[in-house]
Amino acid sequence: MTDTTQRSLRALARLLDYPEAELQAAADELAAVFAAEPRLPAALREALVGWCRRIAATPLLDLQADYVALFDKGRATSLLLFEHVHGESRDRGQAMVDLLAEYQAAGFALDARELPDYLPLFLEYLSTRDEAEIGRWLGEIRHILARLAARLEEREAGHALVPLTLLALIGAEGDIAEHREPVKQEPRDDTPAALDAVWEEEAVRFSAASDEDCALQSAEGRRLAERKRTTPQEAVRILDPVSVSSSFGEPS
C-alpha cells in the first residue's frame, strides 16, 4: 500500500462522518483521490466517484436526514466497531482501553469527541500507519466490515461502498457474500416499534450505567457521553497480537 492508499483511507473516513457543507465542497477532491487509487477495481473506483458526485448534488438537509436515519437509529449499522463484537458488555470497555493504548503508543492524538472504536477515527489512525500495519488491522476487522457492508447494502445505502472498499484493499471483498442472506433474515432494529422496545427496556433500570447505555444508542448521544467521560488515569497496556484478535472477535 502506498501514500495513495493512506489518502484513500482519510477520504473514506470523511464519507462516514456526519455530512456538513465542507463535505460537499470537498466532493470533487475526494472523487479525485478514489479515481487515483490503483489498488481498487475500476468498477469500484467509478462507484466511489459517482457517490461523491451525488453527495455534491444532493441538498445538504437530505444528506443529513439520510445519515441520521441510517446511523442514529438502532445498532445494526453502528460505526462503533466494538458494538458489533461486544455490545454493551464489560469486555467492550477493556477493548477500548486496549485500542486507546495502541493509539497512544503510536503517538496518535485522540479527539475526545469520539470513542476510540468509531470507524472514521480508526481509519484516520490507519492512514498514519505503514502497509503492513494497515493490512494487519483491516484483516482483524474484516468480519465486522463484511457484516456492516451487507447491512448497508440491504438498506440501499451508498455508505456500503466504504466497508466494501476497505475489504477490496486487502482482497477480501468476497467476504460480504456469506453475510447477505443472514442479514436479510435479521429483524430491523430501526423501526419505531423496535426503538420503543429498546427504550422501554432501558427505562426499568435506575443506575448511572443505564443512563450511559441509553445515551450510547445514538451517534450524537455517544458523542455527548464521550465528552462527559474522562480518560482513565490508570496505566494502560499496549496491545499484543493475542489481545488484538480477542478485541475484534466475531460480530453479533
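Reply: Let's start with R147, which counts as buried because its relative accessibility is 15%, and the cut-off for buried is under 20%. Keep in mind that this is a predicted model. R147 forms a salt bridge with E186, and the closest N and O atoms are 3.2 Å apart. This pair links distant parts of the chain: R147 sits in helix 10 (residues 142-154), while E186 is in the loop between helix 12 (177-185) and helix 13 (192-203), 39 residues apart. E186 has a relative accessibility of 25%, so E186 counts as partly exposed.

As background, side chains of opposite charge can pair when their charged atoms come close.

Helix 10 turns up again in another pair. R180 forms a salt bridge with E153, with 2.7 Å between the closest N and O atoms. R180 lies in helix 12 and E153 in helix 10, so this pair ties together parts that are 27 residues apart in sequence. As for accessibility, R180 is partly exposed at 35%, and E153 is partly exposed at 28%.

There is also a network to look at. Salt bridges that share partners join E102, R129, E133 and R136 into one network. One of its links is the salt bridge between the side chains of E133 and R136, at 3.7 Å from N to O. Both of these residues lie in helix 9 (residues 131-140), three residues apart, or about one turn of the helix. E133 is buried, with a relative accessible area of 16%, whereas R136 is partly exposed at 34%. If you want the tally, a search of the whole structure finds nine salt bridges.

Helix 1 (residues 3-16) and helix 8 (residues 119-126) pack with their axes 8 Å apart, at an angle of about 170 degrees. The cut-off for roughly antiparallel is over 145 degrees, and so helix 1 and helix 8 are roughly antiparallel to each other. On the helix 1 side, the residues in the contact are L9, R10, L12, A13, R14 and L16, and they meet L119, P120, L123, E124 and L126 in helix 8. Sorted by class, that contact has eight nonpolar residues, three charged ones and no polar ones.

Two single residues are worth a stop as well. Q64 is found in helix 5 (residues 60-71), and Q64 is buried, with a relative accessible area of 13%. If you leave aside its neighbours within four places in sequence, Q64 is in contact with Y18, P19 and E20.

The other one is A76, placed in the loop between helix 5 and helix 6 (83-86). Although A76 is in a loop, A76 is buried, with a relative accessible area of 11%. A76 and V183 are 107 residues apart in sequence, and from C-alpha to C-alpha they are 9.7 Å apart in space.

Conventions: Residues numbered from 1 in each chain as written. Predicted model: local features only at pLDDT ≥ 70, side-chain atom pairs only at ≥ 80, totals over all residues. Heavy atoms only, no water. Helix = DSSP H or I, 4+ residues; strand = E, 2+ residues; numbered from the N terminus. Buried < 20%, exposed > 50% of the residue type's maximum accessible area, 1.4 Å probe, protein only. Contact = heavy atoms within 4.5 Å. Axes fitted to C-alpha atoms, helices over the stretch in contact; angles between N-to-C directions. Parallel < 35°, antiparallel > 145°, perpendicular 65-115°, else oblique. Nonpolar A, V, L, I, M, F, W, Y, C, P; charged D, E, K, R; others polar. Salt bridge = Lys/Arg side-chain N within 4 Å of Asp/Glu carboxyl O.
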